[in-house]
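Take a moment to look over the structure below. Then follow the text from one part to the next.

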Amino acid sequence: IVKIGKEQVQGKSLMEAVKLMRGPVGTSIDLTVRRKNVKKPLKFIIKRKIIEVQSVSSKIISKEKNIGYIRLKSFNENSDNQFLKSIKKFEKNPKIKSYVIDLRNNPGVLLTQAINITDFFLDEGEIVSTKGRKVSETRKFFAKKGDEIKGKPIIVLINNGSASASEIFAGALKDHKRAIILGENSYGKGSVQSIIPLRNGGGIRLTISRYYLPSGKSISEVGVTPDILIEEIGNDFKINSEKDNQLNYAIKLFNS
């Protein structure tokens, strides 16, 4: 049982409860929660605000403290701004000589974000193209002049969970020989989809075109093949930890 102000939500759907909690940014709601086997109700005051999902995390790695590590979990609406903020912070550090960009288990999401973030590392050239039956579905996207890290070497980590926008990023940098791709073959999600609304309120998700890398290759059902194949090792493997043999290999490669 959840009480939001004077409204009580009991036996209703989660969506109905969320609707009641919505309101102007900056305002507060009184939330009373009754839990099973708990005598007293729990009371909370929650202030409404816009929550920005943090899709980017970064840190300096290696014993020499000379590698900038950026993990991108998804290509969300504000990922490019978060990503650029991390790069600019690293670029102020004279010790940073190279970068590891971790796209493992990144499902992608927004094409525009993939293009923007890829553009940070390319001076020129095609990033990706889409080809469909209609002229409007066939487009090419190019990089603008300016490399944010001034040509420093890059290793991009991918695995079977890297899909869609992740594959566009990794594939474009690979084709332009701008980065070494390390890890396992990516997922192979290279289709552009559109949702066609139906009269009953539902919709059909229809594939209208496919993504193509600068080399002209499609990533659909094929994915991006790493330059250096390093598979996950051990049952205790964990991304961005001491047991991360893929990341450890990348560090050794840079500092060898």
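This is a predicted model: local features need pLDDT of at least 70, side-chain atom pairs count only at pLDDT 80 or more; totals for chains, interfaces and linings use all residues.

Is leucine 198 buried, partly exposed or exposed? Its relative accessibility is 38%, so leucine 198 counts as partly exposed. Leucine 198 sits in the loop between β12 (191-197) and β13. Together with Ile196, Ile204 and Leu206, Leu198 forms a nonpolar patch on the surface. The accessible area of the four together is about 310 Å².

Now turn to helix α4, residues 165-175. Of its 11 residues, 9 are buried, so α4 is largely enclosed by the rest of the structure. Among them are Ile168, Phe169 and Leu173. The buried residues of α4 pack against several elements, including α3 (111-119), β8 (126-132) and β13 (203-212). After α4 comes lysine 177, with a positive phi near 55°.

Next, the charged pairs. The structure holds 8 salt bridges. In one of them, lysine 152 meets glutamate 91, at 2.9 Å from N to O. Lysine 152 lies in the loop between β9 (139-142) and β10, and glutamate 91 in helix α2, so the pair ties together parts 61 residues apart in sequence. Lysine 152 is buried, at 19% relative accessibility. Glutamate 91 is partly exposed, at 22%.

Arginine 178 and aspartate 147 also meet in a salt bridge, at 2.9 Å from N to O. Arginine 178 is in the loop between α4 and β11, while aspartate 147 is in the loop between β9 and β10, 31 residues apart. Arginine 178 is buried, at 14%. Aspartate 147 is buried too, at 17%.

Key
Residues are numbered from 1 along each chain as its sequence is written. Side-chain values use heavy atoms; hydrogens and water are left out. Buried means under 20% relative accessible area, exposed over 50%, partly exposed in between (1.4 Å probe, protein chains only). Helices (H or I, at least four residues) and strands (E, at least two) are DSSP runs, numbered from the N terminus. Contact means heavy atoms within 4.5 Å. Patches are made of residues with over 30% relative accessible area and no salt bridge: like charges are joined within 9 Å, nonpolar side chains (Val, Leu, Ile, Met, Phe, Trp, Tyr) within 5 Å. Accessible areas come from the Shrake-Rupley method with a 1.4 Å probe; for residues, only the protein chains shown count as cover. A salt bridge is a side-chain nitrogen of Lys or Arg within 4 Å of a carboxyl oxygen of Asp or Glu.
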